[in-house]
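Here's a quick walk through one structure, helix by helix and strand by strand. Have a look at the model, then read on.

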Amino acid sequence: LTFTVERGMYSEAVTRILVQGGIITNEAEFNQYLSDTGYDYMIQTGVFTVNSGMSYEEIAKESKFSLLV
């Protein structure tokens, strides 16, 4: 799945895109993972590609949630 994160988008909006794209199945669980790890505050704008075989950590890193880590 290739998707765009635009300025002003929150992690919840990105999670919704991932669910709709079939990348993850549990929106609440992924949002909780982002919150627990602090990734929810590190989202960056851009175009990203992820796949359903990736772990939550891999998705977060690929989606630049972790750019500031």
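## What sits over α2

The cover over the buried residues of α2 includes α1 and α3, where contact means heavy atoms within 4.5 Å. Helices here are DSSP runs of H or I with at least four residues, strands are runs of E with at least two, and both are numbered from the N terminus. This is a predicted model, so local features need pLDDT of at least 70 and side-chain atom pairs count only at pLDDT 80 or more, while totals for chains, interfaces and linings use all residues. Residues are numbered from 1 along each chain as its sequence is written, and side-chain values use heavy atoms, with hydrogens and water left out.

Which residues of α2 are buried? They're Phe 30, Asn 31 and Leu 34, with buried meaning under 20% relative accessible area, exposed over 50%, and partly exposed in between (1.4 Å probe, protein chains only). They sit on the same side of α2 because they cover an arc of only 100° around the axis, taken from the directions from the helix axis to the C-beta atoms. Ala 28 and Asp 36 are exposed, on the face turned away from that buried side.

Just past α2, Gly 38 has a positive phi of about 85°.

Over in helix α1 is Thr 15, buried with a relative accessible area of 0%. Neighbours within four places in sequence aside, Thr 15 is in contact with Ile 24, Glu 27, Phe 30, Asn 31 and Leu 34.

## The core

The largest nonpolar core has 17 residues, and Phe 3, Val 14, Leu 18, Val 50, Ile 59 and Phe 65 have the most contacts inside it. Such a core is a set of buried Ala, Val, Leu, Ile, Met, Phe, Trp, Tyr and Cys residues joined through side-chain atoms within 4.5 Å. At least two residues of this core come from each of β1 (2-5), α1 (11-20), α2 (27-37) and α3 (56-62).

## The strands

On β1, Phe 3 and Val 5 make up the covered face, with Thr 2 and Thr 4 on the uncovered one. β1 runs antiparallel to β2 (residues 46-49), joined by four bridges; strands pair if DSSP finds at least two bridges between them. Thr 2 stands opposite Thr 49 in β2.
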